[in-house]
Amino acid sequence: MLKEAFSDSLCQKVIIKLYDKNTLLKEVNIPSSVINYSPNAFASCHDLENIYVDDNNLNYLDIDGVVYTKDLRVIYEYPAGRKDASYIIDSNITTIGQYAF
């Protein structure tokens, strides 16, 4: 299993298709310093099961490895490799992100 974490002091942006088609990536940790996160940065990582966001991040949060905007209005990214048979979206969600699923 490959886990990936970004250096908190250096990373401010996760770019489009950063890990395109990476089949080893199972988990990602987004640090508090990330202010801009491309909604399809991990879209082709079909084995990615969880994306965790640092509690101090001002723009994003995760609920059990699924990424939302901090205000819980947008589900931002549901990792492609999750094994859930179904998923219940938080009742505060008003928008499903373009690449969320």
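**Entry 1. Asp 64**

I looked up Asp 64 and found it exposed, with a relative accessible area of 60%. For this term I use over 50% relative accessible area as exposed, under 20% as buried and in between as partly exposed, with a 1.4 Å probe and protein chains only. I place Asp 64 in the loop between β6 and β7. Its phi is near 50°, a positive value in a residue other than glycine.

I note the basis of these entries: this is a predicted model, in which local features need pLDDT of at least 70, side-chain atom pairs count only at pLDDT 80 or more, and totals for chains, interfaces and linings use all residues. Residues are numbered from 1 along each chain as its sequence is written, and side-chain values use heavy atoms, with hydrogens and water left out.

**Entry 2. The chain as a whole**

I recorded zero helices and nine strands in the protein chain. Both are DSSP runs numbered from the N terminus, helices being H or I of at least four residues and strands E of at least two. The pattern along the sequence reads β-β-β-β-β-β-β-β-β. Of the 101 residues in the protein chain, 43% are buried.

I also looked up contacts, meaning heavy atoms within 4.5 Å. Among the contacts with a separation of 6 or more, 35% come from residues 24 or more positions apart. The accessible surface comes to about 5900 Å², and carbon and sulfur atoms hold 50% of it. These areas come from the Shrake-Rupley method with a 1.4 Å probe, and for residues only the protein chains shown count as cover.

**Entry 3. The four-stranded sheet**

I traced an open sheet of four strands in the order β6-β7-β8-β9, with mixed pairing. β6 (60-63) and β9 (95-96) stand at the edges with a single partner strand each, so one side of each has no neighbour in the sheet. Two strands count as paired if DSSP finds at least two bridges between them.

I then followed the pairs in order.

- β6 and β7 (residues 66-69) are antiparallel and share four bridges; Tyr 60 has Thr 69 in β7 as its bridge partner.
- β7 and β8 (residues 74-77) run antiparallel with two bridges; Tyr 68 has Ile 75 in β8 as its bridge partner.
- β8 and β9 run parallel, again with two bridges; Val 74 stands opposite Thr 95 in β9.

**Entry 4. Leu 72 in the hairpin turn**

I noted that β7 and β8 form a hairpin with four residues between them. Leu 72 lies in this loop between β7 and β8. Although Leu 72 is not a glycine, its phi is positive, at about 55°. Is Leu 72 buried or exposed? I find Leu 72 buried, with a relative accessible area of 19%.

**Entry 5. The nonpolar cores**

I take a nonpolar core as a set of buried Ala, Val, Leu, Ile, Met, Phe, Trp, Tyr and Cys residues joined through side-chain atoms within 4.5 Å. The largest has 15 residues, and those touching the most other members are Val 28, Ile 30, Tyr 37, Phe 42, Leu 48, Ile 51 and Val 67. The elements giving two or more residues to this core are β3 (25-30), β5 (50-53) and β8. β3 gives the most, with three residues. Another core, of eight residues, lies apart from this one, and its members include Leu 61, Leu 72, Tyr 78 and Ile 93.

I listed the contacts of Leu 48, not counting residues up to four places away in sequence. Leu 48 touches Leu 25, Lys 26, Glu 27, Val 28, Phe 42, Pro 79, Ala 80, Gly 81 and Arg 82.

Where is Asn 57 found? I place Asn 57 in the loop between β5 and β6. Asn 57 is buried, with a relative accessible area of 0%. Its side chain reaches the backbone nitrogen of Tyr 60 at 2.9 Å. Leaving aside neighbours within four places in sequence, Asn 57 is in contact with Ile 30, Pro 31, Ser 32, Val 34 and Lys 70.

I looked up Ser 33 alongside it. Ser 33 lies in the loop between β3 and β4 (36-37) and counts as buried at 18% relative accessibility. Ser 33 and Asn 57 are 24 residues apart in sequence, and 6.5 Å separates them in space, C-alpha to C-alpha.

Terms used:
A polar contact is a pair of N or O atoms within 3.5 Å; within protein, one must be able to donate a hydrogen and the other to accept it, and residues adjacent in sequence count only if both atoms are side-chain atoms.
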